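Reader: I would like to learn how to read the features of a model like this one. Please take them one at a time.

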Amino acid sequence: MAYQSDKIKKSHMVPFPTQSIIPEQDVDKHPVLECHRLGIQFGGLKAVDDFNIIIGKTEIAGLIGPNGAGKTTVFNLLTKVYQPTSGNILLNGKDTAGMNTTQINKLGIARTFQNIRLFNNLTVEDNVKIGLHNTMKYNTFEGVFRLPNYWKKEKEMHEKAMELLSIFNMKNLAGWQAGALPYGAQRRLEIIRALATNPSLLLLDEPAAGMNPNETIELMETISRIRDEFKIAILLIEHDMQLVMGICEGICVLNFGKVIAKGTAEEIQNNPAVIEAYLGKQKGE
């Protein structure tokens, strides 16, 4: 049974220069992400080869493919966990060549992971505050001696953390230990912490992993609300095809490190190369 929600609205996709498509509402804006002939090689193995994608300023996009297709490797390239051996990555028109993970985060890319990575012994609020390091700062001297600027920034961080938690109905959990939260709430907290870094592109790596159908519907609504309220783009890796087809506007399909298809949900579902990648060739073909 397909997941449904009347709270999720998908945009009409339109042609964009360089043989791509982006949401209609983004045609007059510079793309948030442009990857041109991106690749990485480990020894003699090309884990990602000639990867090209353009994502609109407020697009919800999907990156899918069979296990081992290279999806998480692409995320690691975008966030500079790995440095590409070929091609380039433009974020809001700026070339990211030579940048490290910290610089990329400050420039505007935030991510979550397949396996939840929270500071389990810290409170929910403190986990969010950690994400605020890009915008809320005081120096070591001010922190050690608890000078006025320290208390000012601490107050601002508390207020911002509470604001973010309120948006996702988690304000009442601010004092909880992160590790004591239910699974779905931990997933939401990881997304909130990523949003606290003030990204223009949010990468979600299998956000629905381990969720039941009701939690998945709630997640879809959360992702849609994030795009609408924060006016940012979202790129997600996900194996739950009902979620992908229900929320993603543009979808890119990887297989053995290469792009085999790009298009809307309807186009991808009916693409013979995609069907073969997931199901294999049928006898007699």
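Author: The model is predicted. Start with a pair of strands. Strand β3 (residues 33-42) and β4 are joined by seven bridges and run antiparallel. One of the bridge pairs links phenylalanine 42 with leucine 45 in β4.

Reader: What is the order of the strands in the open sheet of four?

Author: The order is β4-β3-β6-β7, with antiparallel pairing. The edge strands are β4 (45-55) and β7 (94-95); each has a single partner strand, so one side of each has no neighbour in the sheet.

Reader: Which strands form the open sheet of six, and how is the pairing described?

Author: Its order is β8-β9-β10-β5-β11-β12, and the pairing is mixed. From one strand to the next, the twist averages 20°.

Reader: Where does the mixed pairing show up?

Author: Look at the two partners of β11. Strand β5 (residues 60-64) runs parallel to strand β11 (residues 250-255), with four bridges between them. Glycine 62 has isoleucine 251 of β11 as its bridge partner. By contrast, β11 and β12 run antiparallel and are joined by five bridges.

Reader: How many residues lie between β11 and β12 in their hairpin?

Author: Two residues lie between them, and phenylalanine 256 in the turn has a positive phi of about 50°.

Reader: Which other residues with positive phi should I look at?

Author: Two asparagines in loops are worth a look. Asparagine 169 has a positive phi of about 55° without being a glycine. The loop that holds asparagine 169 runs between α5 (148-167) and α6. With a relative accessibility of 63%, asparagine 169 is above the 50% cut-off and so counts as exposed. Asparagine 198 is not a glycine either, and its phi is positive at about 65°. Asparagine 198 sits in the loop between α6 and β9, and its 56% relative accessibility makes it exposed.

Reader: How do I check the length of α7 against its residue count?

Author: Compare the expected span with the distance between the ends. At 1.5 Å a residue, the 18 residues of α7 should span 26 Å; the end C-alpha atoms are 25 Å apart, which agrees.

Reader: Which residues of α7 are buried, and what do they pack against?

Author: First the general idea: an α-helix has 3.6 residues a turn, so residues three or four places apart point the same way. In this case the buried residues of α7 are Thr216, Leu219, Met220, Glu221, Thr222, Ile223, Ser224, Ile226 and Arg227. Their packing partners are β5, α6, β9, β10 and α8 (241-247).

Reader: How do I compare separation in sequence with separation in space?

Author: Take glutamate 24, in the loop between β2 (20-23) and β3. Glutamate 24 and valine 14 are ten residues apart along the chain, and their C-alpha atoms are separated by 5.6 Å. Glutamate 24 and leucine 195 are 171 residues apart in sequence, with 24 Å from C-alpha to C-alpha.

Reader: Is valine 14 buried or exposed?

Author: Valine 14 is buried, at a relative accessible area of 14%. This residue belongs to strand β1 (residues 13-16). Setting aside neighbours within four places in sequence, the contacts of valine 14 are Ser20, Ile21, Ile22, Pro23, Glu24 and Val27. Glutamate 24, at 45% relative accessibility, counts as partly exposed.

Reader: How is the chain divided into domains?

Author: Domain 1 covers 2-113 + 199-279, and domain 2 covers 119-180. Their C-alpha centres are 29 Å apart. At the contact between them, seven residues of domain 1 meet six residues of domain 2.

Definitions and conventions. Residues are numbered from 1 along each chain as its sequence is written. This is a predicted model: local features need pLDDT of at least 70, side-chain atom pairs count only at pLDDT 80 or more; totals for chains, interfaces and linings use all residues. Side-chain values use heavy atoms; hydrogens and water are left out. Two strands pair if DSSP finds at least two bridges between them. Axes are lines fitted to C-alpha atoms, for helices over the stretch in contact, and angles run from 0 to 180 degrees between N-to-C directions. The expected span of a helix is 1.5 Å times one less than its number of residues. Buried means under 20% relative accessible area, exposed over 50%, partly exposed in between (1.4 Å probe, protein chains only). Contact means heavy atoms within 4.5 Å. Domain bounds come from an automatic or database domain assignment.
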